[in-house]
Amino acid sequence: MTLLGLGLVVVVVFVGGMALDLARAFSERRALAEMADAAAAAGANGIDVVSYRQSGELRLDPALARELAAQNLASQADNRSVVGLAVAADESSVVVEVRGAVPLTLLRLFTLGEPFEVSVRAEAGPRRGLAG
């Protein structure tokens, strides 16, 4: 009976740990996605003004778009779990990739302390506003 009780405790700790750690991972993924979305939207403001004034064509200045996205990422306060950032841009869009590591709590006992990796990607491009 004691062995059965001990086995049940281990199973309950494992299931509870999995629920707790998965909830933390989903929450962290959402925070990283918000970070990437904001940076991509900021980068999409990097319009090539000279080209727009000359031809009316709306396109990005890739260097400016990367700089604006990187500045936005650097200004965000909640970046404690970020382990990797990548920003790429061309004339049509800016892509931001953010990787994070979520330290496990109860599941650390079963996974030798390895953190759970979360990765998100956001893409944005320039758009014309509504006229009139």
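Let me start with strands β1 and β2, which pair in the antiparallel sense over seven bridges. Two strands count as paired here if DSSP finds at least two bridges between them. Strands (E, at least two residues) and helices (H or I, at least four) are DSSP runs, numbered from the N terminus. A hairpin joins β1 to β2 through four residues. In the pairing, Ala 88 stands opposite Val 95 in β2.

A word on what we are looking at. This is a predicted model, where local features need pLDDT of at least 70, side-chain atom pairs count only at pLDDT 80 or more, and totals for chains, interfaces and linings use all residues. Residues are numbered from 1 along each chain as its sequence is written, and side-chain values use heavy atoms, with hydrogens and water left out.

Next, helix α3. It covers residues 62-75, has 14 residues, and reaches 20 Å from its first C-alpha to its last, close to the 20 Å expected at 1.5 Å a residue. The expected span is 1.5 Å times one less than the number of residues.

Which residues of α3 are buried? They are Ala 65, Ala 69 and Leu 73. Buried means under 20% relative accessible area, exposed means over 50%, and partly exposed is in between, with a 1.4 Å probe and protein chains only. Seen down the axis of α3, the buried residues fall within an arc of 70°, so they line one face of the helix. The arc is that of the directions from the helix axis to the C-beta atoms. In general, an α-helix has 3.6 residues a turn, so residues three or four places apart point the same way. The face of α3 turned away from its buried side carries the exposed residues Ala 74 and Ser 75.

What covers the buried residues of α3? The cover includes α1 (2-43), β1 (82-89) and β2 (94-102). Contact, here and below, means heavy atoms within 4.5 Å.

Take Ala 65, in α3. Ala 65 is buried, with a relative accessible area of 0%. Leaving out residues up to four places away in sequence, Ala 65 touches Gly 43, Gly 46, Leu 60, Ala 89 and Val 94.

Two serines to finish. Ser 51 lies in helix α2 (residues 49-55) and is buried, at 7% relative accessible area. The side chain of Ser 51 makes a polar contact with the side chain of Arg 59, at 3.1 Å. A polar contact is a pair of N or O atoms within 3.5 Å; within protein, one must be able to donate a hydrogen and the other to accept it, and residues adjacent in sequence count only if both atoms are side-chain atoms.

Ser 81 is in the loop between α3 and β1, and is buried with a relative accessible area of 10%.
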